[in-house]
Amino acid sequence: MSDSSLRPVRSLVMMLRSPRLRVAFADLIGPTPSASVDGESEAFVRSGVAERTDDGVRLSESFLDDALAALDVQLGALAVLQGSRISAGDLALDELDPAVAAVARRVVGAGERVSEPALNERLSMFVTDAAFFRRHAVDTGVLARTADGALYWLADRGE
């Protein structure tokens, strides 16, 4: 699934930030179609969330099927294969340390010691520059390593 398959889901989430559109959405998911086609319900039709019927506007069944399929891909066990890898250059400065820590904790288990080549392979599944993420994780104290850099482990887990 492409990133565009999530576009209608993202649109719905953004629309639900508006109290006015939340009320309109409640009408869409009610037991009967919304009889009036106003600006709010039209926004849902344009985004693909709803569809026009002879009775009015109702939640699109295909939207629900497609949204669930797109979310399953993004949240499933193989989601990493669908997404793009993280580039440090794409992160805001205040996002860098938390991102590095999250990736390091994802690829190194508690109590595990990992060789540098194995760590680089694991990091490469998630990031574009494994060496940068590995070094930054050590510099920020998330990972510790042997003096020769042969083995790495989670530093904040009592290792």
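This is a guided walk through the structure shown above, from its overall layout to a few packing details.

The model is a predicted one, so local features need pLDDT of at least 70 and side-chain atom pairs count only at pLDDT 80 or more, whereas totals for chains, interfaces and linings use all residues. Residue numbers start from 1 along each chain as its sequence is written, and side-chain values use heavy atoms, with hydrogens and water left out.

Let us begin with the overall layout. The protein chain holds eight helices and five strands; helices (H or I, at least four residues) and strands (E, at least two) are DSSP runs, numbered from the N terminus. Followed along the sequence, the pattern is α-α-α-β-β-α-α-α-β-α-α-β-β. Of the 159 residues in the protein chain, 33% are buried, where buried means under 20% relative accessible area, exposed means over 50%, and partly exposed lies in between (1.4 Å probe, protein chains only). Among contacts in the protein chain with a separation of 6 or more, 49% come from residues 24 or more positions apart; contact here means heavy atoms within 4.5 Å.

The buried residues are Glu40, Ser41, Glu42, Ala43, Phe44, Val45 and Ser47. They pack against helix H1 (7-15), H2, strand E1 (50-53) and strand E2 (56-59). Just after H3 comes glycine 48, with a positive phi of about 90°.

How do H1 and H3 pack? Two packed helices are described by the angle between their axes and the distance between the axes. For H1 and H3 the angle is about 160° and the axes are 10 Å apart; axes are lines fitted to C-alpha atoms, for helices over the stretch in contact, and angles run from 0 to 180 degrees between N-to-C directions. H1 is therefore roughly antiparallel to H3, on a scale where angles under 35 degrees count as roughly parallel, over 145 as roughly antiparallel, 65 to 115 as roughly perpendicular and the rest as oblique. The crossing of H1 and H3 is right-handed, a label given if the near helix is turned clockwise from the far one by less than a right angle, with anticlockwise making it left-handed. On the H1 side, Pro8, Ser11, Leu12 and Met15 meet Ala43, Phe44 and Ser47 of H3.

Now for the rings. Searching the whole structure gives two aromatic pairs; rings of Phe, Tyr and Trp (its six-membered ring) pair if their centres lie within 6.5 Å, and planes under 30 degrees apart count as stacked, over 60 as edge-to-face and the rest as tilted. One of these pairs joins phenylalanine 25 and phenylalanine 44 in a tilted arrangement, 5.7 Å centre to centre and with 40° between the planes. This pair links distant parts of the chain, since phenylalanine 25 lies in helix H2 (residues 19-28) and phenylalanine 44 in helix H3 (residues 39-47), 19 residues apart. Phenylalanine 25 is buried, at a relative accessible area of 15%, and phenylalanine 44 is buried too, at 0%. Phenylalanine 132 and phenylalanine 133 make an edge-to-face pair, 5.9 Å centre to centre with 80° between the planes. Phenylalanine 132 is partly exposed at 28% relative accessibility, whereas phenylalanine 133 is buried at 1%.

H8 has another packing partner to visit. Helix H7 (residues 116-124) and helix H8 (residues 130-139) pack at an angle of about 110°, with axes 9 Å apart, so H7 is roughly perpendicular to H8. Their crossing is right-handed. Here Glu116, Leu119, Asn120, Leu123 and Ser124 in H7 meet Ala130, Phe133 and Arg134 in H8.

Valine 107, in helix H6 (residues 93-107), is buried at 7% relative accessibility. Setting aside neighbours within four places in sequence, valine 107 is in contact with Glu112, Leu119, Arg122, Leu123 and Phe126.

One last stop is a charge and a ring. The charged end of arginine 113 sits over the ring of tryptophan 153, 3.8 Å from its centre; this applies if NZ of Lys or CZ of Arg is within 6 Å of the ring centre and within 35 degrees of the ring normal.
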